[in-house]
Protein chains: 2
Amino acid sequence: MSKKRRPTLQDVANIVGVTKMTISRYLRDPQQVSSEMQKKISLAVEELGYIPNRAPDLLSNAKSHAIGILVPSLTNQVFSEVIRGIERVTEAAGYQTMFAHYGYSAELEEKRISFLLSYHIDGLILSESHHTPRTLKMIETAGIPVIEMMDVASPAIEQAVGVDNLEASYQMVSAMIAKGYQHIVYLGARLDTRTKLRQQGYEKAMREHGLSCKSMMTEAASSFSLGAELLTRTLAAHPKTDGLFCTNDDLAIGAIFEAQRMGLKIPEQIAVAGFHGHDIGQSMVPKLATVVTPREKIGQVTAQQLIARLAGEAITEAVIDLGVEIRHGESI
Amino acid sequence: MSKKRRPTLQDVANIVGVTKMTISRYLRDPQQVSSEMQKKISLAVEELGYIPNRAPDLLSNAKSHAIGILVPSLTNQVFSEVIRGIERVTEAAGYQTMFAHYGYSAELEEKRISFLLSYHIDGLILSESHHTPRTLKMIETAGIPVIEMMDVASPAIEQAVGVDNLEASYQMVSAMIAKGYQHIVYLGARLDTRTKLRQQGYEKAMREHGLSCKSMMTEAASSFSLGAELLTRTLAAHPKTDGLFCTNDDLAIGAIFEAQRMGLKIPEQIAVAGFHGHDIGQSMVPKLATVVTPREKIGQVTAQQLIARLAGEAITEAVIDLGVEIRHGESI
DNA sequence: TATTGTTATGTTACAGGTAACATTCCATAG
DNA sequence: CTATGGAATGTTACCTGTAACATAACAATA
């Protein structure tokens with residue numbers, strides 16, 4: 001009994017009694033072979049359960065029609081929505097996607113990019129503008145189009161699509177100040193690039209109004225329970241706190257739940273604002289004040305730009321800022 | 001000016017003045033070449049920014065050390081946690097992961113599997129036990145180990161790791177009935193296999209106590225706002241409802257928020273239970289009653305089993321049931 | 001009938017890393 | 001001084017699909 005081997009085009013060809021070239025043609029476009037041949041090949045392919053093999057293609061430097069997508073985290077709802085936007089476009093354009101995530105670490109990002117490039121992706125989408133030198137070198141060497149998503153402040157490579165996190169935060173905190181809150185504290189977790197930008201936006205608004213900046217930060221990953229914990233710590237450290245600007249909705253919602261447990265009235269005793277505008281913020285009581293980011297649209301526009309460039313078009317806009325919406329909700 | 005080309009081992013070899021075989025050895029295990037050669041090659045590799053190329057490897061039927069992972073949805077928090085569990089194990093074992101998602105469609109699953117197999121993955125993890133005939137054929141032909149995650153009721157291939165969704169739901173609904181709720185309605189969305197199993201568990205418990213079954217279902221994807229909507233529709237259709245068993249936490253939480261808006265007391269006027277035990281359920285007020293599934297552990301055990309089989313071990317347990325915990329919380 | 005075109009299929013060469021085997025060179029033992 | 005062994009490096013063949021070119025067979029036209 002011979003060991004089973006993955007069937008090749010040659011195996012199909014042997015059954016049909018033609019060369020593998022004919023099978024190859026059939027698989028790419030059945031019209032290219034005669035109609036009786038189509039039937040015969042179709043049967044043989046089904047019989048063997050032939051599985052396409054990309055290896056030879058990759059080897060001969062053909063286009064892979066695959067694009068690589070790097071996100072910091074899969075657990076983060078934000079990126080699942082961005083990915084949905086990307087795929088809506090890539091799917092329609094006949095491109096396949098290969099994801100990887102790097103846990104907010106530039107070193108891991110480097111590894112993942114190397115992995116994706118080793119599979120000859122045609123284009124690459126990143127979620128960060130900070131990379132290791134080796135990453136930059138690899139990308140240059142690979143010579144494929146690259147787009148950085150999410151923030152537009154300081155693109156490191158060729159093109160960026162996203163929002164201005166600093167400016168958006170500045171606007172939200174300004175709105176809170178305009179409503180009369182004076183002792184606003186910034187809640188941050190997982191100190192990545194965008195978290196820092198949001199903190200800067202917070203500080204800009206506070207300073208502009210002569211208010212003092214206070215932050216409660218941790219390197220732990222965001223979660224609802226972390227938001228609860230940060231509220232407790234904030235009130236212990238700064239009892240006069242009357243507002244929270246949180247780096248994302250999860251922290252904000254966790255803080256609101258904890259405030260409810262403590263019997264604090266929102267927003268009368270403490271105002272809370274988040275970042276992103278997830279569905280849950282609109283369902284909960286009170287409705288969450290938040291900076292609504294166009295997550296799915298970021299994905300769509302990024303994918304459209306990348307595909308245009310894969311089709312040979314030049315970059316027309318190196319930076320595409322899709323803007324945010326300040327939603328007041330009921331919590332400020 | 002010549003068009004840039006991705007550097008090959010030969011290019012590195014030319015710079016160093018040896019054959020590419022020496023470079024190949026260095027890259028896989030630097031110890032295999034002399035120490036002065038190590039330095040020279042290292043420099044040349046950096047200079048060119050050499051990127052590994054998996055194509056030749058794939059072509060010669062080498063192990064890819066990559067495993068494919070198929071999940072129905074990336075938006076679904078459940079699967080990000082399962083993936084985290086998988087990666088904790090694969091990362092340590094030196095395996096790389098390639099994800100894909102198929103939007104709960106068996107046809108799309110087939111496409112994705114074909115895609116992953118075309119890249120010569122060594123093993124495959126699925127999240128479903130229902131597949132197209134062609135999928136089954138492909139998997140058989142590929143001859144690689146496959147594990148089905150999530151539910152253990154009716155594995156279709158070789159091995160399954162997960163929980164018993166029907167039994168778990170039966171237990172939760174029984175617990176609700178034991179507390180005195182009589183008019184419990186089942187809330188379901190996106191009618192996939194597991195949702196149906198949970199409904200069956202609900203029905204088994206209700207029938208056993210001579211209570212009548214009522215369901216409020218939709219094919220839309222789960223969300224918090226959908227939970228709110230389903231509650232409204234449920235109360236309109238069945239005014240006497242005093243309990244909800246929801247197919248997941250999102251629906252349950254959305255329903256609770258809506259009940260709060262309506263001024264309904266939980267659990268006095270209406271009890272609500274969810275499924276999975278996400279972090280948010282423990283933070284919110286009231287704490288959510290839920291069936292806690294060992295999501296990360298499912299991932300870990302699945303990966304461990306797969307890697308053991310890749311190492312040549314035989315299947316010792318075709319079905320691994322990791323069990324659930326019934327958490328009463330404050331909402332029933 | 002000779003010519004041209006068209007459709008269907010065949011032939012050849014190639015992509016880049018690595019397993020398996022071969023060679024070279026030098027140190028040490030006999 | 002030769003023989004032996006081992007470390008370092010070289011040589012060859014191979015994996016599979018497809019672009020590019022070649023050929024065959026037959027229909028349509030001059």
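Which residues does T22(A) touch, not counting residues up to four places away in sequence? T22(A) touches V33(A), M37(A) and I41(A). The structure is a predicted model.

**T22(A)**

- T22(A) has its place in helix 2 of chain A.
- The relative accessible area of T22(A) is 16%, and because buried means under 20%, T22(A) is buried.
- T22(A) is also one of the closest residues to DNA strand C.
- A polar atom in the side chain of T22(A) is 2.7 Å from a phosphate oxygen of DNA strand C.

**The surface near DNA strand C**

- DNA strand C is surrounded by 22 residues.
- The closest of these residues are T22(A) and R25(A) from chain A, with S24(B), R28(B) and Y50(B) from chain B.
- In the side chain of K20(B), an N or O atom lies 2.9 Å from a base nitrogen of DNA strand C.
- R28(B) has a polar side-chain atom 2.7 Å from a phosphate oxygen of DNA strand C.
- Two or more residues of this surface come from each of helix 2 of chain A, helix 2 of chain B and helix 4 (55-59) of chain B.
- Helix 2 of chain B gives the most to the surface near DNA strand C, namely five residues.
- Sorted by class, the surface near DNA strand C holds nine nonpolar, eight polar and five charged residues.
- Among the atoms of DNA strand C within 4 Å of the protein, 65% are part of sugar or phosphate, and the rest belong to bases.

**The surface near DNA strand D**

- DNA strand D is surrounded by 22 residues, and the closest are S24(A), R28(A), Y50(A), T22(B) and R25(B).
- K20(A) places a polar side-chain atom 2.8 Å from a base nitrogen of DNA strand D.
- R28(A) has a polar side-chain atom 2.6 Å from a phosphate oxygen of DNA strand D.
- Y50(A) has a polar side-chain atom 2.6 Å from a phosphate oxygen of DNA strand D.
- At least two residues of this surface come from each of helix 2 (20-28) of chain A, helix 4 (55-59) of chain A and helix 2 (20-28) of chain B.
- Helix 2 of chain A gives the most to the surface near DNA strand D, with five residues.
- The classes in the surface near DNA strand D are nine nonpolar, eight polar and five charged residues.
- Of the atoms of DNA strand D within 4 Å of the protein, 68% belong to sugar or phosphate, and bases supply the rest.

**The sheet in chain B**

- Chain B has an open sheet of six strands in the order 7-6-8-9-10-12, and the pairing is mixed.
- Strand 7 (214-217) and strand 12 (325-327) of chain B each have a single partner strand, so these edge strands are left with one side that has no neighbour in the sheet.
- On average, neighbouring strands of this sheet are turned by 20 degrees against each other, with direction ignored.
- Strand 6 (residues 184-188) and strand 8 (residues 243-246) of chain B run parallel and are joined by four bridges.
- The bridge partner of L187(B) in strand 8 of chain B is C246(B).
- Helix 11 (residues 249-262) of chain B lies across strand 6, strand 8, strand 9 (271-276) and strand 10 (289-292) of chain B.
- Helix 11 of chain B runs at about 155 degrees to strand 9 of chain B.

Conventions:
Residues are numbered from 1 along each chain as its sequence is written. Chains are lettered from A and ligands numbered from 1 in the order in which they are written. This is a predicted model: local features need pLDDT of at least 70, side-chain atom pairs count only at pLDDT 80 or more; totals for chains, interfaces and linings use all residues. Side-chain values use heavy atoms; hydrogens and water are left out. Two strands pair if DSSP finds at least two bridges between them. Axes are lines fitted to C-alpha atoms, for helices over the stretch in contact, and angles run from 0 to 180 degrees between N-to-C directions. Contact means heavy atoms within 4.5 Å. A residue is near a molecule or strand if one of its heavy atoms lies within 4 Å of it. A polar contact is a pair of N or O atoms within 3.5 Å; within protein, one must be able to donate a hydrogen and the other to accept it, and residues adjacent in sequence count only if both atoms are side-chain atoms. Ala, Val, Leu, Ile, Met, Phe, Trp, Tyr, Cys and Pro count as nonpolar, Asp, Glu, Lys and Arg as charged, and the others, Gly among them, as polar. Buried means under 20% relative accessible area, exposed over 50%, partly exposed in between (1.4 Å probe, protein chains only).
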